[in-house]
Amino acid sequence: MAKLIKRLPMLPAERALKVISGRWKAIILYHLFDGPRRLSALQGLMPNITQKVLIQQLRDMEEHGLVRREIFAEIPSRVEYSATLLGLSLEPILLALCQWGQHHADELNEMDRLADCIIRPRQAQDAHAV
């Protein structure tokens with residue numbers, strides 16, 4: 001059984017929000033949905049995040065079972081981060097949040113201010129691969 005490092009809220013919705021809250025966690029997960037990435041690659045995909053914040057967000061998500069850190073015994077050492085199965089299970093939720101964000105912007109006539117929502121449900125990706 002995983003050790004409980006930080007006490008999480010008892011209400012399931014509050015617990016879920018606590019685990020994924022933070023400006024960068026959803027974005028980091030989004031980039032890990034495609035596969036393992038090194039710290040420098042993640043930082044390159046998110047130029048506005050500092051290395052300190054990126055590392056802290058990754059540690060938080062690792063603590064909550066969403067991200068796995070793998071250290072390779074190489075010289076120089078190599079570290080890769082990947083989404084766990086638990087982390088990957090957030091993909092449809094992030095897609096729903098993205099779609100709701102588009103709906104919200106549409107209702108407020110702010111669609112021209114949005115970036116594209118490019119999260120694709122994993123089942124759809126897997127079905128095309130077969």
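A salt bridge here is a side-chain nitrogen of Lys or Arg within 4 Å of a carboxyl oxygen of Asp or Glu. This is a predicted model, where local features need pLDDT of at least 70 and side-chain atom pairs count only at pLDDT 80 or more, while totals for chains, interfaces and linings use all residues. Residues are numbered from 1 along each chain as its sequence is written, and side-chain values use heavy atoms, with hydrogens and water left out.

**View B. K25 and D60 pair up in a salt bridge.** The N to O distance between these two side chains is 3.9 Å. K25 sits in helix α2 and D60 in helix α4, so the pair ties together parts that are 35 residues apart in sequence. (Helices are DSSP runs of H or I with at least four residues, strands are runs of E with at least two, and both are numbered from the N terminus.) K25 is buried at 4% relative accessible area, and D60 is buried too, at 12%. Buried means under 20% relative accessible area, exposed means over 50%, and partly exposed is in between, using a 1.4 Å probe and protein chains only.

**View C. Two further salt bridges involve R69 with E62 and E110 with R113.** R69 meets E62 at 3.5 Å, N to O. R69 is partly exposed at 41% relative accessibility, and so is E62, at 28%. For E110 and R113, the closest N and O atoms are 3.7 Å apart. E110 is partly exposed at 31%, whereas R113 is exposed at 65%.

**View D. The largest nonpolar core has 21 residues.** A nonpolar core is a set of buried Ala, Val, Leu, Ile, Met, Phe, Trp, Tyr and Cys residues joined through side-chain atoms within 4.5 Å. Those with the most contacts inside this core are I28, L29, L32, L54, L58, L66 and V67. Two or more residues come from each of α1 (12-20), α2 (25-32), α3 (39-45), α4 (51-63) and β3 (78-83). Zoom in on I28: leaving aside neighbours within four places in sequence, I28 is in contact (heavy atoms within 4.5 Å) with L42, M46, L54, Q57, L58 and M61.

**View E. S82 is a buried residue in strand β3.** The relative accessible area of S82 is 9%. Not counting residues up to four places away in sequence, S82 touches L32, P36, L66, V67 and R68.

**View F. I27 of helix α2 is shown with L94.** These two are 67 residues apart along the chain, yet their C-alpha atoms are separated by 9.4 Å. I27 is partly exposed, with a relative accessible area of 33%.

**View G. Two backbone details are worth a look: a cis peptide bond at I75 and P76, and a positive phi at N109.** The bond joining I75 and P76 has an omega of about -5°, and P76 belongs to the loop between β2 (67-72) and β3. N109 isn't a glycine, but its phi is near 55°. You'll find N109 in the loop between α6 (91-107) and α7 (122-129), where N109 is exposed at 67% relative accessibility.
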